[in-house]
Amino acid sequence: MPSTDQPTATEELRQTSPPETGEAGAEGDTDSTAPVFTSLRHFRQVIGSQGFHSIAHHILIGNQIIIRGEKRATIESIINVLKSLLPMGCCRMVPYSATYEDSWKCNFLGLPLVAQIPAHVMSSEYYVIIDVLSPAKVKQTSEPDVFFQYSFLMTTKAQLPEKGPAILQKIELALENENLSSAVVDACLVSLKEEWMNKVKVLFKFSRAGSRSREDTLKLLQVLEATEEDTQMLKFWMTGLSNQHRTHMLSSAISTSPPI
């Protein structure tokens, strides 16, 4: 079991002006002029490459992502773009709630900025909080970035390994390549997720076919062109396999097993 005595770290992803300190209602500010994120690339451009890398890593391995802010439309847009990192079956979303919802209910959760996070969550390594801080006063500007006056803070107790899953590097390369249109980037994401879900299916069938040694598992990972850095993600992505698909794979494995 991971240690829970790691210090909670709050990282300033971006600070451009003093944040608004007023309290928004539990229903959230539904201002139609609230800025929204339009794509994963847009989110990365605003948050920065380092902040995006950390957040994406947490998402890929199944940690709960909690977005707090005053503008409901902004929060929902963040969840909408971030969910594209995962297979559909791995996404459990509560786009906006007045109070905290447990991680078994959702791995993406939107909350008002004033929402309290339970102590047991704050002491866990399996969550990330992203606070979206609105400017105290919106100033007229010619700056094309709609989030120019917003600040973003990330708080977590988790200690991520230096090297992330292989798929993350490929995603980042696609997002960095300005020669790729948004449509092409979306197609790359779909292709990468399909590629890794195929590896997940093989690993699932392998893991259910009886007791396997660590050496056997490492050999299979090598065949799948995966490494130990990918195992946490692969295990989480197994939860994205539908019950129907699991049953089908298990029945296929039983029917093709040699007689004892």
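Select proline 165, which at 2% relative accessibility counts as buried (under 20% relative accessible area; over 50% is exposed, and partly exposed is in between, with a 1.4 Å probe and protein chains only). The model is predicted, with local features needing pLDDT of at least 70 and side-chain atom pairs counting only at pLDDT 80 or more, while totals for chains, interfaces and linings use all residues. Residues are numbered from 1 along each chain as its sequence is written, and side-chain values use heavy atoms, leaving out hydrogens and water.

Proline 165 sits in the loop between strand E6 (151-156) and H5. Helices (H or I, at least four residues) and strands (E, at least two) are DSSP runs, numbered from the N terminus. Now show what surrounds the proline. Apart from residues up to four places away in sequence, proline 165 touches His57, Leu60, Glu229, Asp230 and Met233, where contact means heavy atoms within 4.5 Å. Draw a distance from proline 165 to leucine 60: the C-alpha atoms are 8.0 Å apart, although the two residues are 105 apart in sequence.

**H2 and H5**

Next, select helix H2 (residues 49-60) and helix H5 (residues 166-176). Their axes come within 11 Å and cross at roughly 140°. Axes are lines fitted to C-alpha atoms, for helices over the stretch in contact, and angles run from 0 to 180 degrees between N-to-C directions. H2 and H5 are therefore oblique to each other; angles under 35 degrees count as roughly parallel, over 145 as roughly antiparallel, 65 to 115 as roughly perpendicular and the rest as oblique.

Show the side chains where the two helices meet. H2 brings Ser49, Phe52, His53, Ala56, His57 and Leu60, and H5 brings Ile167, Leu168, Glu172 and Leu175. This contact of H2 with H5 consists of 6 nonpolar, 3 polar and 1 charged residues. Here Ala, Val, Leu, Ile, Met, Phe, Trp, Tyr, Cys and Pro count as nonpolar, Asp, Glu, Lys and Arg as charged, and the others, Gly among them, as polar.

**H1**

Move to helix H1 (residues 40-47). Because 7 of its 8 residues are buried, H1 is largely enclosed by the rest of the structure. The buried residues are Leu40, Arg41, His42, Phe43, Arg44, Val46 and Ile47. After H1 comes glycine 48, with a positive phi near 100°.

**H6 and H8**

Then select helix H6 (residues 182-207) together with helix H8 (residues 231-238). The axes of these helices cross at roughly 85° and come within 9 Å, and H6 and H8 are therefore roughly perpendicular to each other. On the H6 side, the contact is made by Lys193, Trp196, Met197, Lys199, Val200, Leu203, Phe204 and Ser207; on the H8 side, by Met233, Leu234, Trp237 and Met238. The residues of this contact divide into 9 nonpolar, 1 polar and 2 charged.

**Aspartate 102**

Go now to aspartate 102, in the loop between strand E3 (93-94) and strand E4 (108-112). Aspartate 102 is partly exposed, with a relative accessible area of 30%. Leaving aside neighbours within four places in sequence, aspartate 102 is in contact with Gln64 and His120. The C-alpha atoms of aspartate 102 and glutamine 64 are separated by 8.9 Å, and the two residues are 38 apart along the chain.

**The whole chain**

Finally, select everything. The chain has 9 helices and 6 strands, and 45% of its 260 residues count as buried. Among contacts with a separation of 6 or more, 73% join residues 24 or more positions apart.
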